[in-house]
Amino acid sequence: MAGLYTLLLGLVLPQFLADFCPERAVHRSGRSCGHEEDESAQRGRATGTVPAAVTTFAAVGTSLLKRLQDNEGDRVETYRELESVLQGDDGCLTSGVVNRLIAEASRDMRAAQGVTGDVKTAASDVLVALARSHFHFVMSELQSHLKAMGKVPDEIVLLTVGKMARSYALRCIPFVGMTLLALRAVLSRVGSGRILRAVCSVLEQWSKGVNTYFGNQEQCPFPRKGVAQICEAIYPVFCYAVANWLDCKEEEDKQAVLGAVAAMMEVLLHEEQHREHAWEQVFWLLHQYQEIRDTSRVTKSLSYVLDVLEGVQTPIPQGTALAISTAVHRQLSDATKEPGPAHRAVLSRCLVLQARMCPAETVVFLRSQLSSGSEAGRVAALGLLGALAHSDAPETREKLPQVVEAVQSVCNHPSAQVRRAVLEFIRELLSSGSQSCWAWDVVGHIFIEFSRTSGRLVAGGLFAWETQEDGALRALCMDILGSLDVSLRGMTKLLWPRLLQYVVPAQYSGMLIPLSRCLRALVERRERAGCKEEEEEPDAMDSQERAQLPAPQVLFVRLLVVAAAPNASSERAVAALQLLQALHGRIHRALGAAWATEIPLVLQYLEGRTESSLDSAEWEHRVLKFLRASLEPIEDKAWTVGLSRELSQQLGSSAPGSWEKLFLYKALGTTLAACRDLRHVQGQVLRFLQETNPVELSEAQGMISVVSHAAENHFHLVLDAVTMFSDAFTRAWFRQTSTGRKVQRRRKMERAQAVCAALMRTYSGIALRAPKEQLLTRVDKEIVGNILQLFRTQERDLQLKLALVQSITEVSCAIQAVGDCGSFELSLKQEATWTLLDWIKGEPWDSVVYGVFQVLEELR
């Protein structure tokens with residue numbers, strides 16, 4: 001019977017193909033050609049010649065076929081060579097060679113014994129490769145095996161039929177009806193095991209091929225088959241599988257049945273008549289999460305089903321939507337299963353697909369999991385909400401305000417895992433390209449989280465340590481900020497005010513590198529746009545007005561401090577300086593030209609230097625020099641006064657004795673030196689002289705820095721202010737020490753000695769920084785004279801002795817730095833020398849004697 005069926009199929013099939021697939025018809029010349037012959041080949045045949053490539057190809061194919069027929073060599077290797085050759089076949093084998101090859105491969109595939117599984121698989125692969133150019137020859141052979149009466153088709157035949165649909169989906173469509181009809185005839189005899197899995201493979205692959213056809217019908221050359229016609233062929237097989245196979249026990253069988261039933265469901269959902277019956281199996285499909293070990297197969301099937309539903313625009317029943325959401329969420333939150341990244345992505349896609357069809361129900365479910373779920377449940381819900389935030393479907397974007405509101409409710413959750421999930425949600429939201437202000441408001445949480453995880457480290461002092469979670473969260477904050485896409489339309493107004501306000505607060509200094517990158521890119525974009533305004537949402541301008549943007553002087557001071565920090569990496573210093581250059585227009589319009597020259601020079605010094613190779617003192621000197629150069633072109637008195645006040649304010653909030661505070665003292669003095677408001681300069685100098693507690697060495701050093709640096713451009717004014725304060729202090733000293741109890745007098749004495757020591761060092765500091773051309777006119781009587789007078793005023797304790805040695809040394813260095821002093825003579829040199837000699841004579845074993853000899857050498 002099988003031979004008769006083959007004979008009849010060989011007679012009827014050519015006419016069938018000529019009617020429905022004319023480009024694939026069998027030529028009456030006895031030659032099978034899968035493609036139209038090109039003009040050169042036709043000319044070759046007309047002249048009786050054959051192209052060399054065709055001759056070679058045919059010779060190789062014929063040689064390999066002969067090797068199989070003669071049973072020479074390794075059959076698997078021969079089949080593999082044939083498969084490789086057939087990949088380049090353009091339909092130029094003769095029909096005789098094709099028929100013999102099909103017969104040889106079929107014989108091996110169906111052999112009951114004496115042929116290994118590897119040979120059968122290789123023969124199957126050769127037939128599939130041959131079908132590329134001789135599809136209908138191969139398909140007719142396979143159909144004949146499926147139709148063999150009274151027996152179940154061989155497993156390898158079934159698998160080959162499945163491969164045909166996977167490789168040539170659209171070309172299999174004319175054979176869907178006869179293939180399914182042949183399978184229906186043997187379903188009752190399938191049983192379980194390998195044949196069941198092979199039949200399921202055919203059903204799955206052919207159903208997927210049908211779905212491919214539904215989406216690409218315009219690419220098919222044959223007359224279109226209607227959806228109803230195909231569904232009618234699949235429906236009986238689907239019903240049989242649902243009734244008989246859903247309760248199979250073996251894991252492999254379950255997986256095979258799952259693939260087949262889900263694929264047939266996808267086809268039947270296209271036809272309204274069968275849709276309800278297919279819907280009923282969704283719950284069975286979800287139940288397989290508890291039945292099958294490899295649940296990724298269930299998720300893929302669910303994804304395919306939801307894809308089809310979206311295409312046919314069929315609403316999901318409310319109960320079914322809840323069941324899908326629950327199943328997907330449970331898979332993601334089940335710690336015992338831990339789906340891999342690929343599986344997680346498909347699970348998220350399932351919920352996104354569902355949200356496109358029923359967004360309200362999906363968002364309500366996920367919000368409920370945020371408010372009342374477990375830690376793992378919250379993390380899973382946040383991941384799914386992030387997938388929704390990144391979806392471009394209008395239905396889901398309308399729900400984003402509700403989503404963001406729900407996420408904000410768990411921003412302060414104690415669990416590091418939940419907070420990490422919140423940050424990942426923010427990453428997805430910000431990368432979605434939203435141009436709504438409410439979406440970009442969450443940028444602030446990145447900085448808040450960074451500050452929170454850094455706070456414990458700062459608060460711990462010398463014994464601080466950080467958890468691995470805190471370090472990971474901070475790194476994630478940096479990564480999110482560094483990956484922001486500022487090229488999106490509207491970012492110059494949406495993102496600019498939200499980022500600029502985080503430059504100044506000290507707790508965010510660790511994020512300056514990515515923050516600088518973003519702000520510089522936004523400035524560059526604004527400059528390219530010029531006066532042309534971008535189209536924004538109506539609330540974009542309101543958002544800028546509400547933002548607490550820092551004043552220009554505040555920006556300048558903070559970035560200057562960050563750049564000068566000795567313990568920070570050079571990368572952060574570079575980021576601070578580059579951001580200063582980008583913000584020059586916002587800080588002061590006169591700085592553009594100056595910084596275009598100065599900042600590249602400073603950056604050049606940093607190039608190639610690491611934290612360990614950067615000399616802190618030298619680097620601080622360069623930053624202060626940069627500050628002086630920056631202030632020179634600014635003629636605005638009020639702006640410079642504002643800068644000095646900002647420096648004073650930041651001094652008040654800096655930690656006592658910290659590097660930052662000592663630097664701010666020097667920066668303030670440098671700013672006062674550049675200030676053109678002399679009354680302000682004098683007032684600031686007197687304020688520091690009066691309010692500084694000299695007993696605290698760091699405060700005394702700070703006062704000396706402010707006053708001496710201010711003397712660079714205001715030598716006479718500053719010296720007069722210090723002398724006025726010194727004289728007032730000396731007069732008040734005798735009145736204060738003559739009254740009070742002994743303990744009080746001792747405390748007053750200690751304070752007075754500290755004041756004298758600080759003033760002595762202030763005079764010498766002024767001398768070091770005074771303009772050379774002005775120093776000699778006042779150094780003798782008013783600087784050296786006042787130093788000696790202050791020394792004589794108090795009891796000569798160690799503090800005063802050290803101050804005298806340091807002061808005289810610095811004044812001597814300042815005089816020598818002038819160079820050619822002409823007729824200048826230090827009249828108090830002899831008095832200073834005798835004062836030091838008396839000291840040595842009275843206390844020859846004093847620990848400071850060595851320093852005195854150095855001072856005497858300087859004076860000489």
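Me: Which helices are included in what covers the buried residues of H11?
Reply: This is a predicted model, in which local features need pLDDT of at least 70, side-chain atom pairs count only at pLDDT 80 or more, and totals for chains, interfaces and linings use all residues. Residues are numbered from 1 along each chain as its sequence is written, and side-chain values use heavy atoms, with hydrogens and water left out. Buried residues (under 20% relative accessible area, 1.4 Å probe, protein chains only) of H11 include Ile 230, Ile 234 and Phe 238. Their cover, by contact (heavy atoms within 4.5 Å), includes helices (DSSP runs of H or I, at least four residues, numbered from the N terminus) H9, H10, H12 and H13.

Me: Is Ser 432 buried or exposed?
Reply: Ser 432 sits in the loop between H21 (416-430) and H22 (437-440). Not counting residues up to four places away in sequence, Ser 432 touches Ala 389, His 390 and Arg 397. Because its relative accessibility is 14%, Ser 432 counts as buried.

Me: To which residue does the backbone oxygen 2.5 Å from a polar side-chain atom of Ser 432 belong?
Reply: The loop holding Ser 432 lies between H21 and H22. The backbone oxygen at 2.5 Å from the polar side-chain atom of Ser 432 is that of Leu 429.

Technical notes. Helix = DSSP H or I, 4+ residues; strand = E, 2+ residues; numbered from the N terminus. Buried < 20%, exposed > 50% of the residue type's maximum accessible area, 1.4 Å probe, protein only. Polar contact = N/O pair within 3.5 Å; in protein donor to acceptor, adjacent residues only side chain to side chain.
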